[in-house]
Amino acid sequence: MIVRERFRLSPMTREFHPSRLDVDAFAETAATVSGEEPLASYPRLQAELAAPAPGSTVHWKATGACRGGSAGGTVPWLHLSAGARVPLICQRCLGPVDVDLQIDRWFRFAGDEAIAAAEDEASEEDVLVSSRDFDLRALVEDELLMEIPITPRHEVCPELIRFSAEDPDFNGEEGARPNPFAVLGTLRPRKPE
């Protein structure tokens with residue numbers, strides 16, 4: 001007689017990797033993962049910066065949950081909070097300005113792309129496609145990119161902003177140019193005297 005043992009991992013011992021997150025299992029166990037990584041780990045976000053930020057970090061935390069769905073079953077959800085302080089270009093003074101990007105959002109997951117697209121239009125929350133290898137880090141980067149303001153600027157710029165331009169040769173060139181109407185006068189036939 002063969003005796004088979006069954007082992008079940010408790011929620012405390014289950015490990016979830018943010019680059020290959022099993023969304024359903026993550027939600028079922030109500031697990032939490034978090035991280036603090038260098039900003040350089042997020043290349044698309046780093047491409048938007050005014051200057052390199054070697055000491056800057058991105059911190060994030062994700063928690064899974066199962067909630068009742070409209071069809072009576074449970075639906076996986078994910079709560080994401082993240083933040084980073086990034087140097088951008090002030091649109092007033094064109095100098096560097098540090099901007100805090102903060103996310104605090106819930107995401108609902110659907111079984112496939114068609115369902116997610118249909119439900120996303122009708123719901124207030126974002127609806128994503130459930131996967132066994134969901135890239136949570138890519139979601140963090142996407143959400144931080146969407147938080148970048150269209151016109152980043154200082155509350156009060158550190159330097160006086162100069163809004164005028166001067167060209168010392170502006171008035172000098174005007175006298176050197178021939179009058180265009182004077183040329184027309186030479187084309188007109190002269191009246192006999």
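Helices (H or I, at least four residues) and strands (E, at least two) are DSSP runs that are numbered from the N terminus. The views show a predicted model, in which local features need pLDDT of at least 70 and side-chain atom pairs count only at pLDDT 80 or more, while totals for chains, interfaces and linings use all residues. Residues are numbered from 1 along each chain as its sequence is written, and side-chain values use heavy atoms, with hydrogens and water left out.

**View A. Gly 95 in the loop between E3 and E4.** With a relative accessible area of 15%, Gly 95 is buried, where buried means under 20% relative accessible area, exposed over 50% and partly exposed in between (1.4 Å probe, protein chains only). When its neighbours within four places in sequence are left aside, Gly 95 is in contact with Leu 88, Ile 89, Cys 90 and His 154, contact meaning heavy atoms within 4.5 Å. Cys 157 is 62 residues from Gly 95 in sequence, and the two are 8.4 Å apart in space, C-alpha to C-alpha.

**View B. The ring pair of Phe 16 and Phe 26.** Rings of Phe, Tyr and Trp (its six-membered ring) pair if their centres lie within 6.5 Å, and planes under 30 degrees apart count as stacked, over 60 as edge-to-face and the rest as tilted; by this rule the count comes to three aromatic pairs. The ring centres of Phe 16 and Phe 26 are 5.2 Å apart and their planes stand at 85°, so this pair is edge-to-face. Phe 16 lies in the segment before helix H1 (23-28) and Phe 26 in helix H1, ten residues apart. Phe 16 counts as buried at 11% relative accessibility, and Phe 26 is buried with a relative accessible area of 1%.

**View C. The ring pair of Trp 77 and Trp 106, with Arg 67.** The ring centres of Trp 77 and Trp 106 are 6.2 Å apart and their planes stand at 70°, so the pair is edge-to-face. The pair links distant parts of the chain, with Trp 77 in strand E3 (residues 74-89) and Trp 106 in strand E4 (residues 96-110), 29 residues apart. Trp 77 counts as buried at 11% relative accessibility, whereas Trp 106 is partly exposed, with a relative accessible area of 33%. The charged end of Arg 67 sits over the ring of Trp 106, 4.2 Å from its centre; the term requires NZ of Lys or CZ of Arg within 6 Å of the ring centre and within 35 degrees of the ring normal.

**View D. Arg 137 over the ring of Tyr 42.** Here the charged end of Arg 137 lies 4.9 Å from the centre of the Tyr 42 ring.
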